[in-house]
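Good morning, and thank you for coming.

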Amino acid sequence: MLTENNRDEFYKAADSLKRFKRAEIKDAQERSLIDTLYTDLLPENQVYKMMLSDNTTFLVGRKGTGKSTIILRLESEYRKRSDYLPCYIDTKTVFESTKSNYQNLDYLKGRIPDEILGKYLVERSFIQNILKSIVKELDVKAESYLSKFAKILGVSKADKVKDAIGILRNKIDNNEHLKSIELPVINEYVTTISGTDELETAMSNSHSNNLNIGLNSKGPSIGVKEGSSSTKSDKAKQIESWEKQFSGALLKVFQIKDVIDEVREILAILKVKKLVIFLDDFSEVDEITIKNFVNVVLAPLNNWGDEFICFKVAAYPNRIHFGDIDKGKVDIIDLDFYNLYSNYDKNTMESLSLDFTRRLISTRIKYFSTQTIGDFFDVNSASTVDDYMELLFKSSMNVPRIIGYILFYCHQTHISIGKKITKSAIESAAQKYYEKVISSFFDMTTNSLLSFDEKVSELQQKELLNIFINQLKGIRRQITTGDLKGAVYQSDKTNPFTSHFVFSPSLEKFVRTLELNFFLSKYSEMSDRDGKKVSVYCLNYGLTLLENMRWGKPVGNDYRKYFIARPFSFDGIFEDFLRKSKHIQCINPECHKSYPYDQLPFLEFSKMRCNECQCEVKVKSVSEGIKEELDKIDKTKLLPPIELGLMHELNSSNKKMYARDLSEELDISSQLIASRAKKLDEDKGLVNRDRSGSLIKYSISDKALLEYFHSN
């Protein structure tokens, strides 16, 4: 029987695993436990050792795979080294704060088109805040260094360091200083873009009578006669031209080359040989902002830094932009199950994943509890500890945060009442996690302030997921009825395995959203019966339980090719879905020519240009069903993703929560939680704020329950 103390200890272990990013775990004396609790995904701390190199490194993985934990462990190590200067930046929090708090600059009005001035100011402020974070870390290091070595350095050298940091801060932070650089830069781009636009307009209308072509003292001139007007197409091209110039303009405004030189000089005085910049939640920033940030800050600092600057970047799969960075000179470490273990054979992949699951849980229980791992699971002749670890792997695909949530739910249903964890407890927890956390993604998308096209594209993924589920259910039915008679289906006809399927690797890009949000996971790569390489994907374990399907494949060498049996080949399903749901359209509003999806290879060959007007063409998602559903939504109720996430968490918890608790659950700062909750309370009445205590407690309002959650 588990004592009350045992139960509390297990709760602490599970809670420590499910925490998000910078929610650092500390002991009773407020000392960090990261060095003690860190568990590497590979034996002998191989991931940590690879990350500790002096190269710029991209740490790639889905949410909860441990990116922030690894960064926290690295930062802890670098802070012990006097000749290294670590600088942690939460790019998501910086970006979200920037979007709501950027400063309007009157001197830019009229120079940059109003339609994109806001975008420019957000990106300008974002880059400014990132650079300020670096200078702040320099300042902290300088204060520490000077307090120790002021006598040795002398007053003049100490003053020189302080002055250098002050000058650098002024260059980045002082808008009056930046204005003197920015106005000439922007005016230069105004001239360049206007000249290009006039020439393109003239060329496109050269057949009409609306042109004045002449010669003046400055050379040839092209004008439009009175009575004609710029078209929507011209406006779209002008906006596109400006957006393409953002990174070049900002690179000049912030004088990045000079900044690098000044940082180098300061570091040299402080006896620091390496500035290590951690960029956490890098992929949470808008795609265009990521690209401009890489072009303006990351790539120049990395390429021009003469190896005294390196970055450690935590990013999502397929949400990385390298810009001018030479990919051959950076390290890329992928934490997702298949990508991490794919260099090993199948048996080694599985043994390594089970080894990690056991080490992870054992380390936490060993620190927080006097019991062993086996004391909390119902171990008997039919279920060993390894059996439980295997089940936890299947239900989590080796994602530490998901393991934490599953154990957390197991604590609620079993440990908290003195019962040991059973296999059915883990399965119930996996299903609960799917229903509570994963499946909410599509509800969030529906009610978010994404563009209509973005919503249709993401909600189409739900349609595709349902197609996969229905197809696998159909296969299950065919096996149980005997319609499929192959030898591989005979192991258990009453409850067959139907959780995995295969398709061509070229189609992987169409399931990225489903994979990123854990509806699917890549399991392996194999050669099918025709010798063609195929990707093997699996449904989420909790989803298969919900749909009454069996996860995995039969045991034994006879079933090694179970996944590549022809019924599980989904290439045809993909092709049918894409043909019905995607088309390609010219973005020129005066052309709008559409192309069937099967013409994509030809359009890619022509650099995605319309063969009628030479404007860009884009892949569009089409779904009458989704459009009808979105048209029914009250547009006044749409909210930004962060505010929707805040409301979903308050609704799920069904209790009052502090900002720090919401911060840990939602992966954003307490300050951002507080500001968004205040807005939801005062402007919309969707959140209640209890200010009776020293800290505010937040809860979901009756109005929010009625308007957003009444159907749940």
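Is D690 buried, partly exposed or exposed? D690 is partly exposed, with a relative accessible area of 22%; here buried means under 20% relative accessible area, exposed means over 50%, and partly exposed lies in between, with a 1.4 Å probe and protein chains only.

Before continuing, a word on the basis of these values. This is a predicted model, in which local features need pLDDT of at least 70 and side-chain atom pairs count only at pLDDT 80 or more, while totals for chains, interfaces and linings use all residues. Residues are numbered from 1 along each chain as its sequence is written, and side-chain values use heavy atoms, with hydrogens and water left out.

Let us stay with D690 for a moment. D690 sits in strand β15, residues 687-690. Helices (H or I, at least four residues) and strands (E, at least two) are DSSP runs, numbered from the N terminus. Leaving aside residues up to four places away in sequence, D690 touches K656, L695, I696 and K697, where a contact means heavy atoms within 4.5 Å. K420 is 270 residues from D690 in sequence, and their C-alpha atoms are 37 Å apart.

Now to the chain as a whole. The protein chain contains 27 helices and 16 strands. Its C-alpha atoms fill a box of roughly 95 × 75 × 55 Å along the principal axes. How does the radius of gyration agree with that of a compact globule, and what are the values? For 712 residues, a compact globule would have a radius of gyration near 27 Å, and the protein chain has 29 Å, which agrees. That radius is taken over C-alpha atoms, and the globule rule is 2.2 Å times the number of residues to the power 0.38.

Of the 712 residues, 50% count as buried. Among contacts between residues at least 6 apart in sequence, 73% join residues at least 24 apart. The accessible surface comes to about 34000 Å², and 47% of it belongs to carbon and sulfur atoms; these areas come from the Shrake-Rupley method with a 1.4 Å probe, and for residues only the protein chains shown count as cover.

As for charge, the chain carries 103 positive and 101 negative side chains, and the centres of the two sets lie 2 Å apart. Lys and Arg count as positive and Asp and Glu as negative, without His and the chain ends; each charge is placed at NZ of Lys, CZ of Arg, CG of Asp or CD of Glu.

Next, the cysteines. How many disulfides does a search of the whole structure find? The search finds zero disulfides, a disulfide being a pair of cysteine sulfur atoms within 2.5 Å. C586 is in no disulfide, and the nearest cysteine sulfur, that of C613, is 3.5 Å away. Seen from C613, the closest cysteine sulfur, in C586, is too far for a bond. C586 is buried at 1% relative accessibility, whereas C613 is partly exposed at 27%.

I turn now to backbone angles. K271 has a phi near 60 degrees, a positive value in a residue other than glycine. K271 belongs to the loop between α10 (256-269) and β5 (274-280), and it counts as exposed at 59% relative accessibility. N398 also has a positive phi, near 75 degrees. N398 lies in the loop between α14 (385-396) and α15 (400-413), but at 4% relative accessibility N398 counts as buried.

Helix α25 (residues 659-666) is mostly covered, with six of its eight residues buried. Those buried residues are A659, L662, S663, E664, E665 and L666.

L578, in helix α21 (residues 571-581), has 5% relative accessibility and counts as buried. Leaving out residues up to four places away in sequence, L578 touches L507, F510 and Y597. E508 lies in the loop between β8 (500-503) and α19 (512-516). E508 is buried as well, with a relative accessible area of 18%. With the neighbours up to four places away in sequence again set aside, E508 touches F503, K522, E525, S535 and Y537.

Thank you for your attention.
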